[in-house]
Amino acid sequence: MNIKTLERNNTLIAIIQSEEVIITDAQSALDFIMSINYETGSRHIVINKSGISEEFFRLSTGIAGEILQKFINYHMKVAIIGDFSHYTSKPLKDLIYESNHGKDTFFVSTEDEAVEKLASI
């Protein structure tokens, strides 16, 4: 896992790059949140889709709700970078749509989009 930080619009953003899965369940999400906050002081996180278990994207597992609730409970904003177009689940597409119109979680295709979203909330 590689962590870099940048500041945009007075917002410190931690950008996490990892090819291995870091977040698999609610506990690993909490560990991740605490580690990033401790190491960087940031409450805004960008992570690639590859760092999150594929189970997250199967809403029937309930894992997405548990993980996203941890981010909300600890007042962390997150942008997930990836290609989400191959998912066919309507509930997942609805989650992505609603999240992208909120203020806590964003599903975007590029790091630049992620930084822009997090720096503007």
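I began by reading the protein along its sequence, where the elements follow the pattern β-β-α-β-α-β-α-β-α, and I counted 4 helices and 5 strands in total. I keep in mind throughout that this is a predicted model.

I then looked up the overall dimensions. The radius of gyration is 13 Å, close to the 14 Å that the globule rule gives for 121 residues, so I note the protein as being as compact as a globular protein of that length. The C-alpha trace spans about 35 × 25 × 25 Å along its principal axes.

Next I turned to packing and surface. I find that 44% of the 121 residues count as buried, and that, among contacts between residues at least 6 apart in sequence, 72% join residues at least 24 apart. For the accessible surface I have about 6500 Å², with 48% of this belonging to carbon and sulfur atoms.

My last entry concerns the aromatic residues, for which I found 5 pairs. The ring centres of F57 and Y87 lie 5.1 Å apart with their planes at 15°, so I list this pair as stacked. F57 sits in the loop between β3 (44–48) and α2 (63–73), whereas Y87 sits in the loop between β4 (77–81) and α3 (90–100), 30 residues apart; both F57 and Y87 are buried.

F84 and F107 I list as edge-to-face, at 5.4 Å centre to centre and 90° between the planes. Because F84 lies in the loop between β4 and α3 and F107 in strand β5 (residues 105–108), this pair ties together parts that are 23 residues apart in sequence. F84 and F107 are both buried. I finally noted that F56, F57, F84, Y87 and F107 form one aromatic cluster.

Terms used: Residues are numbered from 1 along each chain as its sequence is written. This is a predicted model: local features need pLDDT of at least 70, side-chain atom pairs count only at pLDDT 80 or more; totals for chains, interfaces and linings use all residues. Side-chain values use heavy atoms; hydrogens and water are left out. Helices (H or I, at least four residues) and strands (E, at least two) are DSSP runs, numbered from the N terminus. The radius of gyration is taken over C-alpha atoms; the globule rule is 2.2 Å times the number of residues to the power 0.38. Buried means under 20% relative accessible area, exposed over 50%, partly exposed in between (1.4 Å probe, protein chains only). Contact means heavy atoms within 4.5 Å. Accessible areas come from the Shrake-Rupley method with a 1.4 Å probe; for residues, only the protein chains shown count as cover. Rings of Phe, Tyr and Trp (its six-membered ring) pair if their centres lie within 6.5 Å; planes under 30 degrees apart count as stacked, over 60 as edge-to-face and the rest as tilted.
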